Structure formats: structure tokens, C-alpha cells
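Hello,

Here is the structure for you to look over. My notes follow below it.

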Amino acid sequence: MKKTVLIALASFLVICITSCIKDGEQSFDEGLLYGKWQSGTLHYRYDTDHTGVTWDLADDVMENEGKKFSWSLINEEFTHIYVTEINAYGTKASIPKVYTVIVLTATRLEYEDDFGKTFSFTKVK
């Protein structure tokens, strides 16, 4: 009897956990993001504390001068949050950019925005 109850309980938990993920959503390992990524002259660095920096060598901007941001990856929803000053008084605003991850492997990152524009990167470190 205990075995039947345990099997029923385990089945119930599996159903509950899988129902929390919407149909069609994928889950990606955020640990694969850590490090530096490149697409042409554009670079991103994702750190383990969910912060990062982006820079573009075409604009003569180096890594230490790049734009800082925080990021999150929940299932396939990939968010960058940039903090910027919006006026001369130093008022700051958080600007989120939300993407959908298509591919995330140890060497390749691909995501798209809400307008269908795709961004592809290769891991460099």
C-alpha cells in the first residue's frame, strides 16, 4: 500500500512540475552563458553574478569602457536590464530588453527579439 501511495505521489509531483512550463517553452542551462561572446565586432560578457558588459570594437569601445547591465535567463526568456541616466539631474531608469533564446550551447548563442530580429554569437572565452 505504501508503495502505491509513493508512486501516486511521485506521479502527481511530475505532473505538477511539468505543467508549470508552458507548452513549447524550452529550458536552457544558464551556466553555458558565463564568459565572453562575439558577433563580428560586438561583444558581450556574462558573469556568474548575473551582471555583464557589452562593447563594440567598431565604435572604438573596449571591454573596460563597455555598457554594464544585469541579466536573467528563465526557461527561454533572456532579459538584459540596462541602467542609464535619463536627464541632467542624474535620474536613472532601468531599461529591460527581452529576448527569446533559440540556441544555447557551450560555443553558440542565438536569440531573437519581439520583432523577429535574430542575434547570433560565438563563445570566445
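D113 is found in the loop between β7 (108–112) and β8 (118–123). Strands here are DSSP runs of E, at least two residues long, numbered from the N terminus. This is a predicted model: local features need pLDDT of at least 70, side-chain atom pairs count only at pLDDT 80 or more, and totals for chains, interfaces and linings use all residues. Residues are numbered from 1 along each chain as its sequence is written, and side-chain values use heavy atoms, with hydrogens and water left out.

D113 is buried (under 20% relative accessible area, 1.4 Å probe, protein chains only). D113 has no salt bridge (a side-chain nitrogen of Lys or Arg within 4 Å of a carboxyl oxygen of Asp or Glu). The nearest side chain of opposite charge, K117, is 6.3 Å away. Lys and Arg count as positive, Asp and Glu as negative; His and the chain ends are not counted.

Now the backbone. Most residues other than glycine have a negative phi.

- H50 has a positive phi, near 65 degrees. H50 sits in the loop between β2 (42–46) and β3 (51–56).
- N75 has a positive phi, near 55 degrees. N75 sits in the loop between β4 (67–74) and β5 (77–85).

Best wishes

Conventions:
Helix = DSSP H or I, 4+ residues; strand = E, 2+ residues; numbered from the N terminus. Buried < 20%, exposed > 50% of the residue type's maximum accessible area, 1.4 Å probe, protein only.
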